[in-house]
Amino acid sequence: MEDLTKQYIQFKLGEQDYVIEMLYVREIIKPVEITKLLGSPNFVQGVTKLRDKVLTIISLHKKFKIMNLVKGEPRIIIFEFGNEKIGLIVDEVVEIIETNHIEKIPSFIHHGIIHKLIKLQDNIIPILDVEILFSNEVATWLNLEENEAVSNLKLR
Amino acid sequence: MLKQYFQMVPMLHDVLFGKGAVALYDCEKFIEMKQGSRITMPIKVGDIIPESSGAYDSIHQGKRITQEFGAEVYGVAYYTIAYPIVTNGEIIGGIAIAISSEMVYASQKLQDMSHELASSMEQISAAIETIAISAQQLATNGQNVSESSMNVNIKAEEMDEVVRYIDSVACDTKLLGLNASIEAARAGEFGKGFGVVASEIRSMAVASAGSGRDIRKLIGGIRKLIGHMADELDKFGGNTQEVAASIQEIGASVESLTQTAEQLAEMAEKL
């Protein structure tokens with residue numbers, strides 16, 4: 001039987017905790033100066049330069065109308081996306097979790113971007129599905145076909 | 001002959017400040033009488049001289065007779081002094097006064113009392129001097145404590161800076177540990193060892209952050225205590241000033257009391 005133990009990074013968007021599979025994550029950085037771009041979708045904050053590469057910064061707060069956490073330590077979680085990197089602004093990075101307790105939930109809950117969650121001793125945390133999250137809008141805006149974007153992600 | 005002594009009666013009465021009774025008598029009866037404000041004798045002009053009285057003895061013994069009576073009779077202890085009046089070797093009558101004992105004792109007592117007062121005043125003055133010095137010392141000490149607590153506050157702030165630094169190091173360490181774990185995962189099998197190291201780094205970060213919180217709590221506690229101390233010192237300072245003011249007032253009172261005592265002593269000596 002397949003061992004489903006995976007590593008996840010737990011973070012906060014507003015008050016709510018989420019996890020995302022660690023293999024999608026390239027790096028975590030502190031907030032940086034963001035250059036705004038004309039004509040970008042409203043959840044795209046802008047771009048920034050990181051070690052000679054261009055990084056698109058995304059804020060789910062804008063997309064899903066989440067309040068920023070006042071007392072948090074904001075970070076940017078960087079996902080690699082083909083040759084593009086995408087940074088997601090989060091309110092706090094909590095810790096790394098390793099577990100195999102995964103459960104599926106009906107997809108109509110939570111904007112259709114949560115399909116699974118992990119079960120820990122004290123709590124349940126929804127898993128943010130990267131594929132669905134970055135498919136349509138961002139991929140189009142980055143001039144990539146949806147399939148290409150997703151398959152690039154799967155190449156890990 | 002005795003008639004000439006009539007004018008003596010009001011004179012003697014005045015000498016006693018009107019407080020004593022004066023009586024003039026011949027060999028049988030009282031012929032002139034002036035009561036005192038402090039002594040009222042049950043005698044009026046024309047009364048026969050009682051045999052037990054000093055007046056009687058003065059006529060029959062021919063000498064000055066003094067008697068002392070307690071307060072049971074007239075409500076006030078009193079003296080009587082009776083003088084026989086002799087003319088040409090013959091006793092023709094006498095003159096007597098009755099005064100409250102207070103007047104006799106008064107002048108003796110006054111001198112003693114004024115001396116006691118003077119020496120008490122000296123003691124009080126000396127005590128006040130000591131208190132004033134102590135109060136001064138107290139104020140100085142209070143000042144020192146105030147300064148010390150200010151210094152402690154400054155140190156607490158410096159400690160705060162250190163804690164802030166610890167916090168920032170813990171923060172950066174955590175980030176480093178996370179990224180190290182991410183790299184270790186990317187390296188697959190080869191990254192396992194490094195993954196352990198990364199884990200340890202993250203634990204260190206958590207521990208540092210915890211220490212930072214503890215220290216901050218302690219500093220907070222110290223600051224609160226200093227705050228209380230400062231409040232107490234304020235009260236203390238206020239009290240010390242009140243004490244100093246009171247001491248000054250007492251000092252002034254003692255001054256004027258001493259002057260009064262000195263005047264009293266002078267008067268007592270002249271009595």
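1. Among contacts in chain A between residues at least 6 apart in sequence, what percentage joins residues at least 24 apart? In this predicted model, the figure for chain A is 49%. The corresponding figure for chain B, again for contacts with a separation of 6 or more, is 57% for residues 24 or more positions apart.

2. The composition of the two chains may be set out next. Chain A contains 4 helices and 11 strands, and 26% of its 156 residues count as buried. Chain B contains 4 helices and 5 strands, arranged along the sequence in the pattern α-β-β-α-β-β-β-α-α. Of the 271 residues of chain B, 18% count as buried.

3. A:Y8 is located in strand 1 of chain A, which spans residues 6-13. Is A:Y8 buried or exposed? A:Y8 counts as buried because 23 C-beta neighbours lie inside 10 Å, and the threshold for burial is 20 or more.

4. The residues A:Y8 and A:I97 stand 89 residues apart along the chain, yet 5.1 Å separates their C-alpha atoms. When neighbours within four places in sequence are set aside, the contacts of A:Y8 are A:V19, A:I20, A:E21, A:M22, A:I97 and A:I118.

5. With regard to nonpolar cores, the largest comprises 33 residues. Those with the most contacts inside this core are A:I9, A:V19, A:I20, A:I77, A:L88 and A:V90. Of the residues named here, A:L88 touches A:I58, A:L60, A:I76, A:I77 and A:F79, if residues up to four places away in sequence are not counted. Another core, of 24 residues, lies apart from the largest one and includes B:I43, B:I49, B:I65 and B:I95.

6. Chain B holds an open sheet of 5 strands, in the order 2-1-5-4-3 and with antiparallel pairing. Which strands form the edges of this sheet? They are strand 2 (30-34) and strand 3 of chain B, each of which pairs on one side only. From one strand to the next, the twist averages 15 degrees.

7. Within that sheet, 4 bridges join strand 1 of chain B to strand 2 of chain B in the antiparallel sense. B:Y25 has B:F30, in strand 2 of chain B, as its bridge partner. Helix 2 of chain B packs on the sheet and touches strand 1, strand 3, strand 4 and strand 5 of chain B. The direction of helix 2 makes about 30 degrees with that of strand 4 of chain B.

8. Helix 2 of chain B covers residues 54-61, and its buried residues are B:G54, B:A55, B:D57, B:S58 and B:I59. Among the elements that cover these buried residues are strand 1 (21-26), strand 3 (65-69), strand 4 (78-87) and strand 5 (90-100) of chain B. After helix 2 of chain B comes B:G62, which has a positive phi near 70 degrees.

9. A final point concerns the interface. How many residues of chain B are in contact with chain A? There are 7, and they meet 10 residues of chain A. On the chain B side, the residues that touch chain A are 5 nonpolar and 2 polar, with no charged residues.

Key. Residues are numbered from 1 along each chain as its sequence is written. Chains are lettered from A and ligands numbered from 1 in the order in which they are written. This is a predicted model: local features need pLDDT of at least 70, side-chain atom pairs count only at pLDDT 80 or more; totals for chains, interfaces and linings use all residues. Helices (H or I, at least four residues) and strands (E, at least two) are DSSP runs, numbered from the N terminus. A residue is buried if 20 or more other C-beta atoms lie within 10 Å of its own, exposed if 12 or fewer, and partly exposed in between; C-beta atoms are placed from the backbone. Two residues are in contact if their C-beta atoms, placed from the backbone, lie within 7 Å. Ala, Val, Leu, Ile, Met, Phe, Trp, Tyr, Cys and Pro count as nonpolar, Asp, Glu, Lys and Arg as charged, and the others, Gly among them, as polar. Two strands pair if DSSP finds at least two bridges between them. Axes are lines fitted to C-alpha atoms, for helices over the stretch in contact, and angles run from 0 to 180 degrees between N-to-C directions. A nonpolar core is a set of buried Ala, Val, Leu, Ile, Met, Phe, Trp, Tyr and Cys residues joined through C-beta atoms within 7 Å.
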